[in-house]
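Please read the points below beside the sequence and the model.

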Amino acid sequence: MDFTLPTIDWPTLTPVIAVVVTGVIALLIEIIFPKRNNALIVGISLVGLAYAAYSLVPLFATDSGYTAAHMVVRDHTGLALQFVLIGICFLSFIFSDRYLREKGIAFGEFYPLALWTTAGGMIMVSTTNLLMMFLGLEVLSISLYCLVGMSRTEKRSEEAALKYFLLGAFASAFFLYGVALIYGASGMIDLRGIPLAFKTEYSEWLNLSVLGMFFILVGLLFKAALAPFQQWAPDVYQGAPTNVTAFMSAASKVAAFGALYRVLFAASATQSYWMEVMFWVAILTMVLGNVFAIAQRDVKRILAYSSIAHAGYILVGLLSHVRAPDKVGLEPVLYYLIGYSVMTIAAFAVLTLVATKGKDHTRLQDLNGMWKKSPLAAGTLVVCMISMVGIPPTVGFFGKLGFFQSALDARLAPLAIVLAITSAISVFYYWAIIRASLVDDESATGLRTSRMSPGLAATCVLGIIGVIGIGIMTNPVIKALKKPASDTLMEELVEQPPEDVVQSAG
């Protein structure tokens with residue numbers, strides 16, 4: 001029996017390899033020089049991420065295609081999402097070290113774990129192979145389980161990690177079982193197997209296909225914090241260290257929606273089986289996220305429910321694209337993921353300022369007087385909240401406007417209406433955060449702030465520039481995100497499976 005090694009396009013794999021290797025080097029430094037200053041680890045991590053981003057740039061000029069036995073995809077969407085994930089990790093590292101030291105958990109393991117989370121997300125968004133997608137999901141998830149429980153002396157952090165692990169394990173099991181069912185119905189573990197599985201003439205195999213698709217969606221809906229699998233988010237976001245919450249809220253969202261895009265687009269020919277379900281998932285997510293946020297008095301829990309609501313908004317854009325790809329592009333989704341990542345990380349970064357003596361102080365009243373003691377932090381928080389509401393000229397406004405128009409173009413008007421109504425509802429709890437940071441009443445608790453580090457200041461400045469700058473530059477950004485006419489990989493995936501995949505299925 002002859003065995004031929006698959007052809008590997010190493011430049012396509014270089015960004016992921018660079019992130020993984022950087023994580024290994026960072027961990028080795030922590031092992032060799034334990035309990036020392038993490039400056040070397042942070043520096044090497046930032047350099048590794050910069051190199052990974054640099055290695056991505058030339059790939060945008062290349063044609064789309066596959067490598068590593070069709071397990072890795074190189075296309076415009078995957079490259080853009082990988083770039084966003086690297087940026088999320090880079091931005092999270094800038095402000096984390098001071099916060100971790102203030103909390104007394106300055107463990108060097110944070111950096112390699114975050115790097116491997118990023119690598120897992122990069123794998124998820126750049127494959128059409130369901131087992132590779134599962135591998136990326138597990139690399140991302142296991143690293144996040146450890147990160148959430150980093151504050152080992154806090155009961156709340158331990159509970160959050162345990163809850164996230166148990167629920168996440170169930171979600172991963174659902175995903176893997178769905179892959180097995182799709183394989184049983186089609187003979188493939190590639191996304192091309194989904195439309196083929198639904199074309200079977202045998203009712204038993206069709207049932208396997210429907211159930212397999214449902215289980216795969218369960219795993220991805222959980223990771224994206226979409227209803228009805230969003231219950232874990234508020235407790236985990238509140239219990240995790242704030243810098244971990246900032247990183248997790250953005251990275252897991254980008255990775256999950258990147259994978260969800262691959263799955264839903266591959267199954268676009270079978271919309272009659274799942275579109276109505278996802279339609280109600282989007283509505284339920286937007287309503288629950290915004291309504292439950294109003295009753296919260298802890299800022300991290302408010303932003304957790306806000307994150308759930310934003311997941312619903314993003315799903316509106318994604319469903320609109322899948323429903324009418326000839327009228328609605330994927331650019332609004334990519335644009336909003338970039339904007340959401342910037343404003344979320346910046347908002348959580350500001351909350352690290354009110355961590356003192358090993359404790360997080362994230363109640364609304366704990367922000368009182370922030371505008372006096374740290375005008376930059378208060379200004380950043382106000383700008384981010386305004387953007388999350390969707391007020392011009394911020395990135396949040398143009399992102400929601402894009403989703404609204406996309407839903408109308410795709411004849412999903414009810415989603416556009418719910419998006420508008422729930423965005424109006426969100427004003428109540430975002431205004432509560434703004435008001436808390438601007439009022440002077442410190443008599444009850446007083447504002448306990450640690451010293452603003454240069455890294456945190458840089459994050460605040462980048463956050464303001466990103467939220468307003470991307471909003472002002474919406475048209476150039478959308479144009480840059482627009483898929484080249486030559487990039488038809490996902491369309492070809494649905495229409496015609498590659499010959500070697502068909503042979504392996506036979």
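**Notes on the predicted model**

1. The largest pocket holds about 610 Å³ of space, where a pocket is an open set of points on a 1 Å grid over the protein atoms alone, with protein on both sides within 12 Å along at least five of seven lines. The volume is the space filled by probe spheres set on the points, which are joined across faces, edges and corners. This is a predicted model, in which local features need pLDDT of at least 70 and side-chain atom pairs count only at pLDDT 80 or more, while totals for chains, interfaces and linings use all residues. Residues are numbered from 1 along each chain as its sequence is written, and side-chain values use heavy atoms, with hydrogens and water left out.

2. Lining residues are those with an atom within 4 Å of a point, and the largest pocket has 24 of them, with Phe 83, Val 84, Gly 87, Ile 338 and Val 342 lying nearest its centre. Helix α3 gives the most to this lining, nine residues; helices here are DSSP runs (H or I, at least four residues), numbered from the N terminus. By class the lining has 19 nonpolar, five polar and no charged residues, with Ala, Val, Leu, Ile, Met, Phe, Trp, Tyr, Cys and Pro counted as nonpolar, Asp, Glu, Lys and Arg as charged, and the others, Gly among them, as polar.

3. Which helices supply at least two residues each to the lining of the largest cavity? They are α3, α10 and α13, and the cavity itself, a set of points where a 1.4 Å probe fits but cannot get out, has a volume of about 60 Å³. Its lining includes Thr 77, Phe 257, Tyr 261 and Leu 337, and by class it has eight nonpolar, two polar and no charged residues.

4. The largest nonpolar core has 170 residues, of which Phe 257, Leu 264, Leu 315, Leu 319 and Met 385 touch the most other members; such a core is a set of buried Ala, Val, Leu, Ile, Met, Phe, Trp, Tyr and Cys residues joined through side-chain atoms within 4.5 Å. Helix α10 (residues 242-266) brings the largest share of this core, 17 residues.

5. Thr 285, in helix α11 (residues 271-294), is buried at a relative accessible area of 0%, where buried means under 20%, exposed over 50% and partly exposed in between (1.4 Å probe, protein chains only). Apart from neighbours within four places in sequence, Thr 285 is in contact (heavy atoms within 4.5 Å) with residues including Ala 225, Ile 308 and Gly 312.

6. Where does Asp 235 find its salt-bridge partner at 2.4 Å, N to O? The partner is Lys 163, and because Asp 235 lies in helix α9 and Lys 163 in helix α6 (residues 155-186), the pair ties together parts that are 72 residues apart in sequence. A salt bridge here is a side-chain nitrogen of Lys or Arg within 4 Å of a carboxyl oxygen of Asp or Glu. Arg 301 also forms a salt bridge with Asp 235, the closest N and O atoms being 2.8 Å apart, and salt bridges that share partners join Lys 163, Asp 235 and Arg 301 into one network. Asp 235 is partly exposed at 27% relative accessibility, whereas Arg 301 is buried at 16%.
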